[in-house]
Amino acid sequence: MATENWKQALSEAITSPAQLLTSLGLSHTLTSQINEQPDFRCLVPRAYLNKIQYGNSNDPLLRQILPLTIENQQTGLLDPVGDLAAMPADGLLHKYHGRALLIATGACAIHCRYCFRRHYPYSKASHTPTAMQAILLYIQMHNEIEEIILSGGDPLILDDEKLAVLISQLETIPTLTSLRIHTRLPVVLPSRITLQLAQLLQHSRFRITLVIHANHANELAKNEQLALKRLHDAGITLLNQSVLLKGINDDVTSLSNLSKRLHACYTLPYYLHLLDPVQGAMHFDITRQAAIVLMQQLQAQLPGYLVPRLVKEIAGKTSKTAIFSI
Ligand code: SF4
């Protein structure tokens with residue numbers, strides 16, 4: 001596995017939908033459906049592209065990242081989970097007891113078409129020294145907060161130096177005990193998971209949980225498995241959250257294979273989210289009834305520890321809402 005070249009790999013990511021289709025031999029099949037200049041721009045690292053099957057217009061990885069004209073439909077919300085109403089300081093979200101979420105960056109290594117923060121005003125989360133001071137002060141004044149979640153964007157887009165500074169700033173607050181990192185980098189750019197990064201996390205005084213984001217077993221090939229093993233060997237708890245997406249993983253075989261593949265990659269399934277109703281992504285939505293049937297089928301196939309919790313985030317609620325019935 002490459003160790004130091006992740007920034008180079010990031011700079012070589014594909015940003016043109018037409019180039020994406022050409023790379024996959026799909027120009028003739030899909031050109032009429034793509035949005036060549038979407039507001040939420042196309043971004044696909046080659047490490048992810050290499051896992052998409054050449055010539056397969058229905059590939060479940062391709063469908064997650066290909067900008068389509070259907071996104072222009074105006075249904076859905078700009079802020080589907082109420083982030084903006086839960087922001088006590090720029091870049092800090094405080095929705096739930098005991099934990100708060102810090103928008104570490106607005107940047108990602110990939111742009112997932114169903115992203116619930118695709119319209120988020122990331123300019124409100126720039127970590128100027130003054131903004132960071134306000135964040136730290138808020139956390140200090142709310143000593144019931146024991147866990148900070150680094151999110152974004154993707155926090156592992158920050159280089160090791162920036163990440164180390166951020167973590168050490170948080171470590172100065174004695175009431176914080178745990179750090180959670182929400183990241184898709186081990187899945188879409190596994191070269192980011194260097195030995196140095198693993199050591200940086202390992203040496204923190206925080207208990208660290210890394211929540212990755214994979215939606216399909218094909219996203220977790222050999223390099224991703226090695227990256228996750230490196231984190232596992234550093235003593236980091238690894239969980240996965242997925243989004244239930246029409247045409248991508250809305251069948252029991254895909255979900256079962258994903259859970260088994262995650263287990264082989266040292267990672268346990270955590271949440272399976274119903275789609276957040278974000279504008280531009282409603283074509284991925286499946287009904288709650290269909291989701292419950294899928295969960296019943298999944299429970300009949302897998303041991304309990306490989307069955308994720310079906311949840312929905314509802315703006316204003318004090319926790320994620322578990323979905324058990326229609
Ligand atoms: S990596 Fe996460 S934050 Fe970034 S576009 Fe994908 S879902 Fe959104």
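Reader: Which residue in E5 is the bridge partner of isoleucine 181?

Author: The bridge partner of isoleucine 181 in E5 is leucine 210. Please note that this is a predicted model, in which local features need pLDDT of at least 70 and side-chain atom pairs count only at pLDDT 80 or more, while totals for chains, interfaces and linings use all residues. Residues are numbered from 1 along each chain as its sequence is written. The labels E and H denote DSSP runs, numbered from the N terminus: strands (E) have at least two residues, and helices (H or I) at least four.

Reader: What makes E4 and E5 a pair of strands?

Author: Two strands pair if DSSP finds at least two bridges between them. Five bridges join E4 to strand E5 (residues 207-212), and the two run parallel. In E4, serine 178 is the bridge partner of glutamate 147.

Reader: How many residues of E4 are buried?

Author: Four of the five residues of E4 (residues 178-182) are buried, and the strand is mostly covered. A residue is buried if 20 or more other C-beta atoms, placed from the backbone, lie within 10 Å of its own; it is exposed if 12 or fewer do, and partly exposed in between.

Reader: Why is alanine 13 called partly exposed?

Author: Alanine 13 has 19 other C-beta atoms within 10 Å. Alanine 13 belongs to the loop between helix H1 (6-11) and helix H2 (17-23).

Reader: Which residues does alanine 13 touch, not counting residues up to four places away in sequence?

Author: They are Leu43, Val44, Pro45 and Arg46. Contact is assigned if the C-beta atoms of two residues, placed from the backbone, lie within 7 Å. Alanine 13 and arginine 46 are 33 residues apart in sequence, but 5.8 Å apart in space, C-alpha to C-alpha.

Reader: What makes leucine 77 partly exposed?

Author: Leucine 77 has 15 C-beta neighbours inside 10 Å, so the intermediate class applies. Leucine 77 is found in the loop between H5 and E1. Its contacts, leaving aside neighbours within four places in sequence, are Pro277, Val278 and Gln279.

Reader: What makes the unit of E3, helix H7 and E4 right-handed?

Author: A crossover is right-handed if, with the strands pointing away from the viewer, the path from the first strand over the helix to the second runs clockwise. E3, helix H7 (residues 160-171) and E4 make a β-α-β unit of this hand. E7, helix H12 (residues 288-301) and E8 likewise form a right-handed β-α-β unit.

Reader: Why do E1 and E9 stand at the edges of the sheet?

Author: The open sheet has nine strands in the order E1-E2-E3-E4-E5-E6-E7-E8-E9, with mixed pairing. Strand E1 (92-96) and strand E9 (321-322) each have a single partner strand, so one side of each is left without a neighbour in the sheet.

Reader: How do you know that tyrosine 266 has a positive phi?

Author: Phi of tyrosine 266 is near 65 degrees, a positive value in a residue other than glycine. Most residues other than glycine have a negative phi, and most peptide bonds are trans. The bond that joins glycine 152 and glycine 153 is a cis peptide bond, with omega about 15 degrees. Glycine 153 lies in the loop between E3 and H7, and tyrosine 266 in the loop between H11 and E7.

Reader: Which residues are around the ligand?

Author: Among them are Cys108, His111, Cys112, Cys115, Gly152, Gly153, Asp154 and His213. The shell has four nonpolar, four polar and three charged residues. In these classes, Ala, Val, Leu, Ile, Met, Phe, Trp, Tyr, Cys and Pro count as nonpolar, Asp, Glu, Lys and Arg as charged, and the others, Gly among them, as polar.

Reader: What are the domains of the protein?

Author: The domain assignment gives domain 1 (6-72) and domain 2 (84-322); such bounds come from an automatic or database domain assignment. In this model, 20 residues of domain 1 are in contact with 23 residues of domain 2. The side of domain 1 that touches domain 2 has 15 nonpolar, one polar and four charged residues.

How values were computed: Near = placed C-beta within 6 Å.
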